[in-house]
Amino acid sequence: MTLARQAHCFRSCISAILALCASVALAESESSSHTECSASGARFAIGEMYTPDLAERARRAARAQEVRIIEPGGAYTTELSPKRLNIEIDRIGIVRDLSCG
């Protein structure tokens with residue numbers, strides 16, 4: 001194999017590696033934009049009276065895609081969703097706990 005041919009193969013390999021690295025970086029950035037819920041960001045809601053506005057602010061603060069209100073005596077699925085914020089309220093509507101799942 002000539003030196004020119006080896007250089008061409010080397011450049012082709014380097015180009016392929018760089019393209020692969022770029023696609024991996026893009027996939028990582030896309031997956032990080034869909035982060036899982038983090039209830040700690042919404043702790044400000046504990047002790048507050050539940051309102052739809054409070055739920056929306058808590059959802060955004062927790063980076064959750066959806067909210068589920070958990071009331072005493074309610075029936076709920078056991079299905080876990082890492083992108084859901086659960087807001088547990090007491091009988092009078094005060095937020096008592098937050099969790100993701």
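Me: What percentage of the 101 residues in the chain do buried residues make up?

Reply: The structure shown is a predicted model. Buried residues make up 23% of the 101 residues in the chain. The accessible surface of the chain comes to about 7000 Å², and 59% of that surface belongs to carbon and sulfur atoms.

Me: Which elements does the chain have, and in what order do they run from the N terminus?

Reply: The chain has two helices and three strands. Read from the N terminus on, the elements run α-α-β-β-β. As for contacts between residues at least 6 apart in sequence, 40% of them join residues at least 24 apart.

Me: How many residues does the largest nonpolar core have, and which have the most contacts inside it?

Reply: A core of this kind is a set of buried nonpolar residues joined through side-chain atoms. In this model the largest nonpolar core has 14 residues. Those with the most contacts inside it are Ala 42, Ala 45, Ala 58, Leu 85, Ile 87, Val 95 and Leu 98. At least two residues of this core are supplied by each of α2 (52-61), β2 (84-89) and β3 (95-100).

Me: Which residue has a positive phi although it is not a glycine?

Reply: Most residues other than glycine have a negative phi. Arg 63, which is not a glycine, has a positive phi of about 55°. Arg 63 is found in the loop between α2 and β1. Its relative accessibility is 47%, so Arg 63 counts as partly exposed.

Me: How many salt bridges does the structure hold?

Reply: Side chains of opposite charge can pair when their charged atoms come close. The structure holds five salt bridges. In one of these, the side chains of Arg 43 and Asp 97 meet at 3.5 Å, N to O. This pair links distant parts of the chain: Arg 43 lies in the loop between α1 (3-32) and α2, and Asp 97 lies in strand β3, 54 residues apart. Arg 43 counts as partly exposed at 39% relative accessibility, and Asp 97 is partly exposed with a relative accessible area of 33%.

Me: Why are Arg 57 and Asp 53 separated by about one helical turn?

Reply: Arg 57 and Asp 53 are separated by about one helical turn because they are four residues apart in helix α2. Their side chains meet in a salt bridge (3.3 Å, N to O). Arg 57 counts as partly exposed at 38% relative accessibility, and Asp 53 is partly exposed with a relative accessible area of 49%.

Me: Does Asp 90 count as buried or exposed?

Reply: The term buried means under 20% relative accessible area. Asp 90 has 18% relative accessibility and therefore counts as buried. The side chain of Asp 90 meets that of Arg 96 in a salt bridge (2.8 Å, N to O). Arg 96 is partly exposed, with a relative accessible area of 46%.

Me: Which residues are linked in a network of salt bridges?

Reply: A network of salt bridges links Glu 56, Arg 59 and Arg 60.

Notes:
Residues are numbered from 1 along each chain as its sequence is written. This is a predicted model: local features need pLDDT of at least 70, side-chain atom pairs count only at pLDDT 80 or more; totals for chains, interfaces and linings use all residues. Side-chain values use heavy atoms; hydrogens and water are left out. A nonpolar core is a set of buried Ala, Val, Leu, Ile, Met, Phe, Trp, Tyr and Cys residues joined through side-chain atoms within 4.5 Å. Buried means under 20% relative accessible area, exposed over 50%, partly exposed in between (1.4 Å probe, protein chains only). A salt bridge is a side-chain nitrogen of Lys or Arg within 4 Å of a carboxyl oxygen of Asp or Glu. Contact means heavy atoms within 4.5 Å. Accessible areas come from the Shrake-Rupley method with a 1.4 Å probe; for residues, only the protein chains shown count as cover.
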